[in-house]
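Here is a short tour of one protein model. Keep the sequence and the 3D view side by side as you read.

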Amino acid sequence: MHEIVDGPKPKHAQLREILRRLAEHDLAPGSPIPSERDLAERYGVSRITVRAAVGQLVAEGLLTRAKGRGTFTARRRYDLQLFLASFTSEMKARGLEPSTEVITCGQAVPGSKASLGLDDDEYAYRVVRLRKADGVPLALEAGWYSPHLLPELDRCDLTGSLYELFAAKYGVQLDHARQTVWAETADAETAKALDVRKGSPLLVFRRVASSQGRPCEDVTSWYRGDLYQVTMQLDRTVPGTGPNSAKGGTR
């Protein structure tokens, strides 16, 4: 066991590094750490010192507090991939078991809300699904789907990858999408579905996808902010200029 000693390095800083090693190397994500009182007794420091050390690691995102339950190591965050791929394939690539709960599936008139190239009075398929990995809710998605490209979609099994279904049943391969990202806080309904507290941070993605220039999908997905992050590689190339302009930059 690491000891905390008197010296130039503050005790809360020493304890912080001990807890950092514990969270990063010894405990699985989502595991509880010892209580404030136990840590104070184990390392011979005050509870104020423990509170300061834990608070710094919470601020860094390495630990998370749950009211009435204690402090836990943070669950690992998943990188959202910025290319046209399905949730199912992404989770399988990470060694996780994806699953889907279909909340709503039916026909409705989206009007101007959806970018599917439909007349104002035309119906589309409305599908709302809860996406999970290893049984943990990760995202709630609500999408509109083209009745022209995907007839009788509401009669299909929608618990798997929609993109695989589109390709296998309809011969539709999504080859282009425009995606917009913003942040929101969870309302009561979304919080309940994702098993988070109301007001928790969410990453929201709206994706409008097409196949050979034909609009097919307009879906909005709410991802848990405590489990997801977006990583982007940037360069100084201005789109449409430079030696790599034909490829869209240097990525």
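## Ground rules

Two strands pair if DSSP finds at least two bridges between them. Helices (H or I, at least four residues) and strands (E, at least two) are DSSP runs, numbered from the N terminus.

This is a predicted model, in which local features need pLDDT of at least 70, side-chain atom pairs count only at pLDDT 80 or more, and totals for chains, interfaces and linings use all residues. Residues are numbered from 1 along each chain as its sequence is written, and side-chain values use heavy atoms, with hydrogens and water left out.

## The whole protein

The protein has six helices and ten strands. It has 251 residues, and 40% of them count as buried. Buried means under 20% relative accessible area, exposed means over 50%, and partly exposed lies in between (1.4 Å probe, protein chains only).

Contacts come next. A contact means heavy atoms within 4.5 Å. Take the contacts with a separation of 6 or more: residues 24 or more positions apart account for 56% of them.

Strand 1 (residues 63–66) and strand 2 (residues 70–73) run antiparallel and are joined by four bridges. Arginine 65 has threonine 71 in strand 2 as its bridge partner. The two strands, 1 and 2, form a hairpin with three residues between them. Glycine 68 sits in the turn, with a positive phi of about 80 degrees.

In what order do the six strands of the open sheet run? The order is 4-5-6-9-8-7, and the pairing is antiparallel. Strand 4 (98–108) and strand 7 (176–185) are the edge strands, as each pairs on one side only. From one strand to the next, the twist averages 15 degrees. That angle is taken between axes, which are lines fitted to C-alpha atoms (for helices over the stretch in contact), and runs from 0 to 180 degrees between N-to-C directions.

Look at strand 8 and strand 9. They pair in the antiparallel sense over ten bridges. Alanine 209 stands opposite glutamate 217 in strand 9.

## Aromatic rings

A pair of aromatic rings is described by the distance of the centres and the angle of the planes. Rings of Phe, Tyr and Trp (its six-membered ring) pair if their centres lie within 6.5 Å; planes under 30 degrees apart count as stacked, over 60 as edge-to-face and the rest as tilted. This rule gives four aromatic pairs. Why is the pair of phenylalanine 205 and tyrosine 223 edge-to-face? The ring centres are 5.6 Å apart and the planes stand at 80 degrees, so phenylalanine 205 and tyrosine 223 are edge-to-face. The pair links distant parts of the chain, 18 residues apart: phenylalanine 205 is in strand 8 (residues 201–211) and tyrosine 223 is in strand 9 (residues 214–224). Both phenylalanine 205 and tyrosine 223 are buried.

Tyr145, Tyr163 and Phe166 form one aromatic cluster. Elsewhere, a charge meets a ring. The charged end of lysine 169 sits over the ring of tyrosine 170, 5.6 Å from its centre. The test is that NZ of Lys or CZ of Arg is within 6 Å of the ring centre and within 35 degrees of the ring normal.

Which residues of helix 2 (residues 36–43) are buried? They are Leu39, Ala40 and Tyr43. These residues cover an arc of only 100 degrees around the axis, so they lie on the same side of helix 2. The arc is that of the directions from the helix axis to the C-beta atoms. Exposed Arg37 and Glu41 are on the face turned away from the buried side. Helix 1 (11–26) and helix 3 (47–60) are among the elements that cover the buried residues. Glycine 44 follows helix 2 and has a positive phi, near 65 degrees.

Arginine 47 is found in helix 3. With a relative accessible area of 42%, arginine 47 is partly exposed. Neighbours within four places in sequence aside, arginine 47 is in contact with Glu36, Arg37 and Ala40. Arginine 47 and glutamate 36 are eleven residues apart in sequence and 6.3 Å apart in space, C-alpha to C-alpha.

## Around helix 1

Glutamine 14 is in helix 1. Its relative accessibility is 11%, so glutamine 14 counts as buried. Not counting residues up to four places away in sequence, glutamine 14 touches Glu3, Ile4, Val5 and Lys9.
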